[in-house]
Amino acid sequence: MNRTILFRGKALENGRWKRGSLLLTDPIVDRGEAFIIYENFKYEVDRSSVGQFLTTIDGKEAFEGDFIETGYEGLFEEGRCIGLLEWRHDGAMLDFGSQSIPLEASCFDADKIIVGNMTDNPEMWDKCGRQV
């Protein structure tokens, strides 16, 4: 089974998202910096913005820390809701604040879209688990 290993982080120098390999330095020895390395370039990124690629949603790469809007049935009611994409030991999960459910659970429909991320849109956390 092949799995894409890819990370993203927000560059400190210009605030742009960078994608590539991840290098973390030791916070005890160094300052605990995070770098994204891509095509022989090294970009220092905000460590709190770093997320690993988990899946493709609606033709776009989805990373840890992305907010995903999806339809659901029988979870809370029927409708659409927003969850935070996370990786847990057993796979990709949508965190709704009060509970986490596997991304591929049968209660979610296939119509999922990325609507933001925790770094750029932290206010969306308040919408997790609520109908939209």
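Contact is taken here to mean heavy atoms within 4.5 Å. By this criterion, residues 24 or more positions apart account for 50% of the contacts in the protein chain with a separation of 6 or more. The structure is a predicted model, in which local features need pLDDT of at least 70 and side-chain atom pairs count only at pLDDT 80 or more, whereas totals for chains, interfaces and linings use all residues. Residues are numbered from 1 along each chain as its sequence is written, and side-chain values use heavy atoms, with hydrogens and water left out.

The protein chain contains zero helices and 11 strands, where helices (H or I, at least four residues) and strands (E, at least two) are DSSP runs numbered from the N terminus. Along the principal axes, the C-alpha atoms of the protein chain fill a box of roughly 50 × 35 × 25 Å. Of the 132 residues in the protein chain, 42% are buried, a term that denotes under 20% relative accessible area, with exposed set at over 50% and partly exposed in between (1.4 Å probe, protein chains only).

Glu86, in strand β8 (residues 78-88), is buried with a relative accessible area of 18%; leaving aside neighbours within four places in sequence, Glu86 is in contact with Leu54, Gly91, Ala92, Met93, Asp95 and Ser100. Leu22, in strand β2 (residues 17-24), counts as partly exposed at 26% relative accessibility, and, when residues up to four places away in sequence are not counted, Leu22 touches Phe7, Phe35, Ile36 and Val50. The C-alpha atoms of Leu22 and Arg80, which are 58 residues apart along the chain, are separated by 34 Å.
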